[in-house]
Amino acid sequence: MDYDVDNIFSKIINGEIPSNKVYEDDDILAFRDVNPQAPVHILIIPKKAKICRLGDCDDNDIEILGKMNVAAAKIAKLERLESFRIVVNSGAGAGQTVFHIHMHLLGGRELGEAII
């Protein structure tokens, strides 16, 4: 799948669209979801990696995927979450609507049993 350089997350990274940032470093940007599915619903995105979906990743993406997970742990601590869920949708059939790889960090309430 080709990466769309004009997707909404790229525009947020470039400052063209405002966001409610909760975390940022050289590689990662995280902000509150505008349509939250839990009291805490934060999107975690890589700033430079042009990856459409998790299914497009390969060995070259190990470092940025690790950084996304570490950022999720840092954000959970900042949000004082004792437990939380990370969701990564890969492809339209899985519910992905923005084709820029991203994680959903969900918490702040009992999330119930996970579907596995």
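## Salt bridges and overall build of a predicted chain

D27 has a relative accessibility of 21%, and it therefore counts as partly exposed, a class that lies between buried (under 20% relative accessible area) and exposed (over 50%), with areas taken with a 1.4 Å probe and with protein chains only. The model is predicted, and for that reason local features need a pLDDT of at least 70 and side-chain atom pairs count only at pLDDT 80 or more, whereas totals for chains, interfaces and linings use all residues. Residues are numbered from 1 along each chain as its sequence is written, and side-chain values use heavy atoms, with hydrogens and water left out.

The side chain of D27 meets that of K67 in a salt bridge, with N and O 2.7 Å apart. This pair links distant parts of the chain, since K67 belongs to helix α2 while D27 sits in the loop between β1 and β2 (28-32), 40 residues away. The term salt bridge is used here for a side-chain nitrogen of Lys or Arg within 4 Å of a carboxyl oxygen of Asp or Glu. Helices (H or I, at least four residues) and strands (E, at least two) are DSSP runs, numbered from the N terminus.

In the whole structure, a search finds six salt bridges. Another of them joins the side chains of K47 and E24, at 2.9 Å from N to O. Because K47 lies in the loop between β3 (40-46) and α2 (62-78), and E24 in strand β1 (residues 21-24), this pair ties together parts that are 23 residues apart in sequence. R53 also forms a salt bridge, in this case with D56, and the closest N and O atoms of that pair are 3.3 Å apart. Salt bridges that share partners join K21, E24 and K47 into one network.

| Residue | Relative accessible area | Class |
|---|---|---|
| K47 | 18% | buried |
| E24 | 42% | partly exposed |
| K67 | 31% | partly exposed |
| R53 | 26% | partly exposed |
| D56 | 27% | partly exposed |

I17 is found in the loop between α1 (8-13) and β1, and with a relative accessible area of 28% this residue is partly exposed. Not counting residues up to four places away in sequence, I17 touches I8, K11 and I12, where contact means heavy atoms within 4.5 Å.

Turning to the chain as a whole, there are two helices and five strands, and from the N terminus on these elements run α-β-β-β-α-β-β. The radius of gyration is 14 Å, close to the 13 Å that the globule rule gives for 116 residues, so the chain is as compact as a globular protein of that length. This radius is taken over C-alpha atoms, and the rule is 2.2 Å times the number of residues to the power 0.38. Along the principal axes, the C-alpha atoms fill a box of roughly 35 × 30 × 25 Å.

Of the 116 residues in the chain, 36% are buried. Among contacts between residues at least 6 apart in sequence, 58% join residues at least 24 apart. The accessible surface of the chain comes to about 7100 Å², and 50% of that surface belongs to carbon and sulfur atoms, with areas from the Shrake-Rupley method and a 1.4 Å probe.
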